[in-house]
Amino acid sequence: VRLGLSSISATSGSIWVAEEKGLFKKQGVNVEVIFIGGGASRVVSALLSGEIQFSVGGGDAVIRAALRGADTVLTASPMSRGLQRLMVRPDIKTPAELKGKRVAITRFGSAGHWAFQLFVRKWGMRPENFQLIQLDSSPAMFASLEKGGCDAAVLTMPSFFVAEERGFRTLADPADMDIYYLQNSVDSTRSYLRANRS
């Protein structure tokens, strides 16, 4: 069984631990964990192509694919509140001050992209008010934030802890804003599950 991960982050740590400690094999399952990256939309594409049988990424991508008629299904989601935070340069204090500026996300359709849209909606603004740039991973977005390539970034842990230590500010946190969305869902296709019930 091939399992594709949408990102390298602490939120996927349980998968890496299970592989490294042989927990999959202990349960009689031979799992090859593959880092695909680029957010949930990319792993859902790999899932639909048949290259992987399971994916781990933001739940909204697999749900959106299913709503458009794809064979995808969300099988489990251990987290109902995302772990992304919108980190900004120290001089940006309010959402209004971020308007028109460059905001880094992993990819369109990723959990970070969805989180950003939810932040913006909560502020009464629109995503079009910002310049979104796609940078594939939290470490890459943090590096861009540090070097001035972007003004803000939707980071996951541990990257947002490092950003805080370096003086960047948290402008949006789902926990503080009462925002809920599926984080790190385990997804598959209905046809695969039907054919492999045992």
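Buried means under 20% relative accessible area, exposed means over 50%, and partly exposed lies in between (1.4 Å probe, protein chains only). This is a predicted model in which local features need pLDDT of at least 70 and side-chain atom pairs count only at pLDDT 80 or more, while totals for chains, interfaces and linings use all residues. Residues are numbered from 1 along each chain as its sequence is written, and side-chain values use heavy atoms, with hydrogens and water left out.

**Salt bridges**
- A salt bridge is a side-chain nitrogen of Lys or Arg within 4 Å of a carboxyl oxygen of Asp or Glu; the count comes to eight.
- Glu146, partly exposed at 41%, meets Arg166 with N to O at 2.8 Å.
- Glu146 lies in helix 7 and Arg166 in the loop between helix 8 and strand 9, so the pair ties together parts 20 residues apart in sequence. Helices (H or I, at least four residues) and strands (E, at least two) are DSSP runs, numbered from the N terminus.
- Arg85 pairs with Glu164, their closest N and O atoms being 3.0 Å apart; Arg85 is buried at 17%, whereas Glu164 is partly exposed at 35%.
- Arg89, Asp91, Arg102 and Asp151 are linked in a network of salt bridges.

**Nonpolar cores**
- A nonpolar core is a set of buried Ala, Val, Leu, Ile, Met, Phe, Trp, Tyr and Cys residues joined through side-chain atoms within 4.5 Å.
- The largest one has 20 residues, and Phe119 is among those with the most contacts inside it.
- Helix 6 gives the largest share of this core, six residues.
- Apart from this core lies another, of 11 residues, including Met87 and Phe168.
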